[in-house]
Amino acid sequence: MGVWSNIKSDIDAVMENDPAARSRFEAVFTYSGLHAIWGHRIAHFFFKRGWFTVARLISQISRFFTGIEIHPGAKIGRKLFIDHGMGVVIGETCEIGDEVVIYQGVTLGGTGKEKGKRHPTIGNRVVIASGAKVLGSFKVGDNSNIGANSVVLREVPPNSTVVGIPGRIVKRDGRRVGDRLDHTNIPDPLIDTFRYMQKEINELRAEIERLKEAGVVRGARQAGDPAGPNESAQDGQPAGPNNTAQHDKPGQDDPGQPAKPAEPVATAPYDK
């Protein structure tokens with residue numbers, strides 16, 4: 001594909017993906033993401049021919065003016081759209097397919113100090129939302145969607161969404177559903193787990209309250225039960241087998257028997 005065809009497709013990507021773009025003239029002169037892509041294409045031209053220092057110099061100049069750092073060795077496909085773009089970093093061995101959308105703060109980086117391929121390969125029609133980090137040498141499949149601030153550390157199958165830290169894959173049954181640029185309404189399995197745990201906690205609290213109420217009722221019933229076998233007879237209740245009834249010892253009056261007559265008391269004779 002020729003230079004002018006690339007330039008035209010880059011402008012088309014802006015007009016197709018950004019509803020705020022009012023004209024091609026505005027896109028050419030005001031979109032820093034478009035300027036960074038064009039600067040990279042020039043730097044990549046020199047990089048492939050072994051002019052590494054010249055290529056890095058062009059890359060750094062582009063970074064200074066746009067806030068977007070694309071290594072000259074990165075391979076970029078057609079109709080890449082970088083929206084806003086401030087803070088975007090694309091590593092040396094990164095490969096990006098066609099019709100990819102990247103938002104501000106995205107990092108397509110490597111891990112460790114290994115040589116060779118150490119950056120991700122992004123498939124076609126992938127949307128990478130704000131602040132996402134894709135780190136390592138693996139592939140993100142076609143038509144995938146990476147949620148904002150996600151950290152992706154492993155391969156992503158085609159037609160998938162990834163959310164969370166570390167990134168978790170939410171499959172879409174092999175087909176994209178809804179607007180490919182709607183990168184805010186993405187299911188979050190971590191939030192769903194927290195909601196489930198909160199539901200379980202509420203149910204346990206309700207069960208504890210029911211048990212407490214049942215315990216109070218049981219205690220009130222026990223207060224009115226007859227005396228047990230080891231308790232003393234009270235309030236007219238018969239004594240248990242291990243208790244000794246009062247007044248049953250010899251020499252004590254039994255309240256159930258009539259009183260005995262008093263015995264006469266001997267007195268000394270009266271001396272006149």
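This is a predicted model: local features need pLDDT of at least 70, side-chain atom pairs count only at pLDDT 80 or more; totals for chains, interfaces and linings use all residues.
Modeller: Residues are numbered from 1 along each chain as its sequence is written, and side-chain values use heavy atoms, with hydrogens and water left out.

Colleague: How many helices and strands does the protein have?

Modeller: Helices (H or I, at least four residues) and strands (E, at least two) are DSSP runs, numbered from the N terminus. By that definition, the protein has 5 helices and 15 strands.

Colleague: What percentage of the 272 residues is buried?

Modeller: Buried means under 20% relative accessible area, exposed means over 50%, and partly exposed lies in between (1.4 Å probe, protein chains only). Of the 272 residues in the protein, the buried share is 34%.

Colleague: Is S62 buried or exposed?

Modeller: S62 lies in helix α4. Not counting residues up to four places away in sequence, S62 touches H35, A36, G67 and I68, where contact means heavy atoms within 4.5 Å. Because its relative accessible area is 13%, S62 is classed as buried.

Colleague: Which residues are in contact with I76, leaving aside its neighbours within four places in sequence?

Modeller: I76 belongs to strand β2 (residues 75-76) and is buried, with a relative accessible area of 17%. I76 and H40 are 36 residues apart in sequence, and their C-alpha atoms are 8.9 Å apart in space. Leaving aside neighbours within four places in sequence, the contacts of I76 are H40, R41, I70 and I96.

Colleague: What is the accessible area of the nonpolar patch that includes F194?

Modeller: Patches are made of residues with over 30% relative accessible area and no salt bridge; nonpolar side chains (Val, Leu, Ile, Met, Phe, Trp, Tyr) are joined within 5 Å, and like charges within 9 Å. A salt bridge is a side-chain nitrogen of Lys or Arg within 4 Å of a carboxyl oxygen of Asp or Glu. F194 lies in helix α5 (residues 189-223) and is partly exposed, with a relative accessible area of 47%. Accessible areas come from the Shrake-Rupley method with a 1.4 Å probe, and L190, I191, F194, Y196 and M197 together have about 490 Å².

Colleague: Which residues gather in the patch of positive charge?

Modeller: Lys and Arg count as positive, and the place of a charge is taken as NZ of Lys or CZ of Arg. R49, one of the patch residues, lies in the loop between α3 (32-48) and α4 (52-66). The surface patch of positive charge consists of K48, R49, K75 and K117.
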